[in-house]
Amino acid sequence: MTLSPAARWALRAAMALGLTFIYVPLLLVLVNSFNGDRTFAWPPHDLTTRWWAAAWASDGARQALLTSVQAALGATATALLLGTLVAFAVHRFAFFGRDTLSLLIVLPIALPGIVTGIALDSAWRSVMGELGIGKGLLSVVVGHATFCVVTVYNNVLARLRRTGTTLEEASADLGARPWQTFRYVTFPLIRSALLAGGLLAFALSFDEIIVTTFTAGPGLTTLPLWIFTNLFRPNQAPVVNVVAAVLIIASVIPVWVAQRLAFTPGSGPPR
Amino acid sequence: MITEIRYNRPMTVELSGLRKTFGAVTAVDGIDLRIGDGEFFSMLGPSGSGKTTVLRLIAGFELPTAGTVALDGRDVTRLAPFERDVNTVFQDYALFPHLSVQENVEYGLKVRKVAKRERRDRAREALAKVRLEGFGARKPSAMSGGQRQRVALARALVNRPKVLLLDEPLGALDRKLREQMQVELKAIQRDAGITFVFVTHDQDEALTMSDRVAVFDAGRIVQVGTPEAVYERPVSAFVAGFVGSSNVFTGETAKTLFKKTGTFSVRPEKIAFTDEAAAAPGTVAEVIYAGPVTRYVVDLDAGARVVVVEQNSRTPRALAGLRGQRVRLGWHEEHVIPLPSGKDSAHAS
């Protein structure tokens, strides 16, 4: 398609504007985490790593970071296991309600977090509470897993559809038992899809706040929750900036890696 | 020991009453077949005729709805693919994309716990047999279609199976390469003494390479025999039309031409232009020059349109001038093949 030079420039400007709106504020957070002035006077007069040191020394922030990592790891592990299992079931077998199942797996990512949060909150209290299991890390992991499963599921299913089953037939034909076929053929072929799905799941869980609010229970603070509660305390503001900057970096890296894995030519079989 | 068993039981593949249905579709409809040890056996038929399903039943990828599969005298009907002493060359080769060529070829030996050194040597040997020495370190994606085809062949042959199943292995290659591979495949088969079961829809391929050919139609075998028998003495209009091309005459036309009732077939190359007064008169409708041969389409006065193929061994006739010209066609009595006039007594094709 050919566009007139004027249209090209207009579209470029629009795109630049859009990207500016998204990324300049994020950049601001990063810069402000080094801003020497407590009220973030702009432009910064001097740069300092004081806030980074303060944030590192803050027990609350460190504890929150640890909790977030634990929750994200738990949710990712759950998502990897369940997402892979469902992807295989949907790809390999024709069974009653297969399309419905597929929809039910994908749906939580579209459901408003607040709805998921309320539902999980009341369900946990009325069911798990009765069993004597209060809200805590486990309920957060379960809450996050509900929408993390889909990232693994989608990645693995797409890979399975792309590779088909001929390679596994070839493996069996050459004398490999089912577990050998899984180890030498199936797993290596879905490995990068698992990594991509897992990284996305980790990133989703790591900065989730809405569902977390409803499932964390008293005493459990993840990093986003910590930021939210400290945001409006003036003397904590610089530290919040640092933590926000950490969150940005921690989210960007896995997503970037996941994208490289999912779309690099050669990561999957040539078709 | 093994040779002795083979000697005593010369049938490697035996299929009895084999049926396979997928839902309401009957893919294989009662197949009985015995394939001999060391035979190059082709299964020829149009797509959807069930030949590939039969191959998959022999390999063990599908379980038959009824009937049995025996390999080397042993019933393997219910055994998994990895428990059968057969290997397959897949239509799309199915090379493992994450493994090198060498690792691909070694795969069957590796999963059977053959020692590393032996497996390396045997894989090298197999690659040499398909003329791919020095390609071991490459990934399949870095090879051409013809090379991948040979890797797939080496990967199967390295296991020294009793039977090698080939599912349209030359289908994706261009014509020149295909003809070259036909010769190579035949040579490899003769050298290794392995039974080849070869699925194809290409009649030239089946005729050139096979010891015997089975012609498939609608899930059944309609004729089994040597290439010569299938070509020269087809048992039905379907076989006559699918294996080579044929002129089929029915009804009044047949009566006028052959002085008897029934359905008859005459191959295009068995019909010649002649000056004999007794020959069948007609008009040339079309002249198609095809390099080594020229095809003439002639409308006979007796009411049939026939194809005549003539070798261009001498300078071809002045082609354009022939169209519309009156000619007479003749043939030898022994080249007239009587066919059963059934539902499938088809038109000339």
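Colleague: What share of the 271 residues in chain A is made up of buried residues?

Modeller: In this predicted model, buried residues make up 37% of chain A. A residue counts as buried if 20 or more other C-beta atoms lie within 10 Å of its own.

Colleague: How many helices and strands does chain A have?

Modeller: Chain A has eleven helices and zero strands. Read along the sequence, the pattern is α-α-α-α-α-α-α-α-α-α-α. The C-alpha atoms of chain A fill a box of roughly 70 × 65 × 30 Å along the principal axes.

Colleague: Among contacts in chain A between residues at least 6 apart in sequence, what percentage joins residues at least 24 apart?

Modeller: For chain A that figure is 78%.

Colleague: Why is Tyr93(B) called buried?

Modeller: Tyr93(B) has 22 other C-beta atoms within 10 Å. The cut-off for buried is 20 or more, so Tyr93(B) is buried. Tyr93(B) sits in the loop between strand 6 (86-89) and helix 3 (101-111) of chain B. Its phi is positive, about 70°, although Tyr93(B) is not a glycine.

Colleague: Is Lys113(B) buried or exposed, and what makes it so?

Modeller: Lys113(B) has 8 other C-beta atoms within 10 Å. Exposed requires 12 or fewer, so Lys113(B) is exposed. Lys113(B) also has a positive phi, about 65°, without being a glycine. Its place is the loop between helix 3 and helix 4 (116-129) of chain B.

Colleague: What makes a set of residues a nonpolar core, and which residues have the most contacts inside the largest one?

Modeller: The members must be buried nonpolar residues joined through C-beta atoms within 7 Å. The largest such core has 130 residues, and those with the most contacts inside it are Tyr153(A), Ile58(B), Ala154(B), Leu165(B), Val197(B) and Val215(B). Helix 8 (residues 178-206) of chain A gives the largest share, 13 residues.

Colleague: How do you know that this core lies between domain 1 (2-236) and domain 2 (241-339) of chain B?

Modeller: Both domains of chain B give residues to the core, so it lies between them.

Colleague: Leaving aside neighbours within four places in sequence, which residues is Ile58(B) in contact with?

Modeller: Ile58(B) is in contact with Val13(B), Val69(B), Val86(B), Leu165(B) and Val197(B). A second, separate core has 14 residues, including Ala55(A), Ala61(A), Ala64(A) and Leu223(A).

Colleague: How many residues of chain A are in contact with chain B?

Modeller: 16 residues of chain A are in contact with 19 residues of chain B. On the chain A side, helix 7 (166-173) and helix 8 give two or more residues, and helix 7 provides the largest share, six residues. By class, this side of chain A has ten nonpolar, three polar and three charged residues.

Colleague: Why are strand 13 (272-273) and strand 16 (305-311) of chain B said to stand at the edges?

Modeller: The open sheet of five strands in chain B has the order 13-17-14-15-16, with antiparallel pairing. Strand 13 and strand 16 each have a single partner strand, so one side of each is left without a neighbour in the sheet.

Colleague: How do you know that strand 14 (residues 280-290) and strand 17 (residues 326-330) of chain B pair?

Modeller: Pairing needs at least two bridges, and four bridges join strand 14 to strand 17 of chain B, which run antiparallel. Gly282(B) stands opposite Val327(B) in strand 17.

Conventions: Residues are numbered from 1 along each chain as its sequence is written. Chains are lettered from A and ligands numbered from 1 in the order in which they are written. This is a predicted model: local features need pLDDT of at least 70, side-chain atom pairs count only at pLDDT 80 or more; totals for chains, interfaces and linings use all residues. Domain bounds come from an automatic or database domain assignment. Two residues are in contact if their C-beta atoms, placed from the backbone, lie within 7 Å. Ala, Val, Leu, Ile, Met, Phe, Trp, Tyr, Cys and Pro count as nonpolar, Asp, Glu, Lys and Arg as charged, and the others, Gly among them, as polar.
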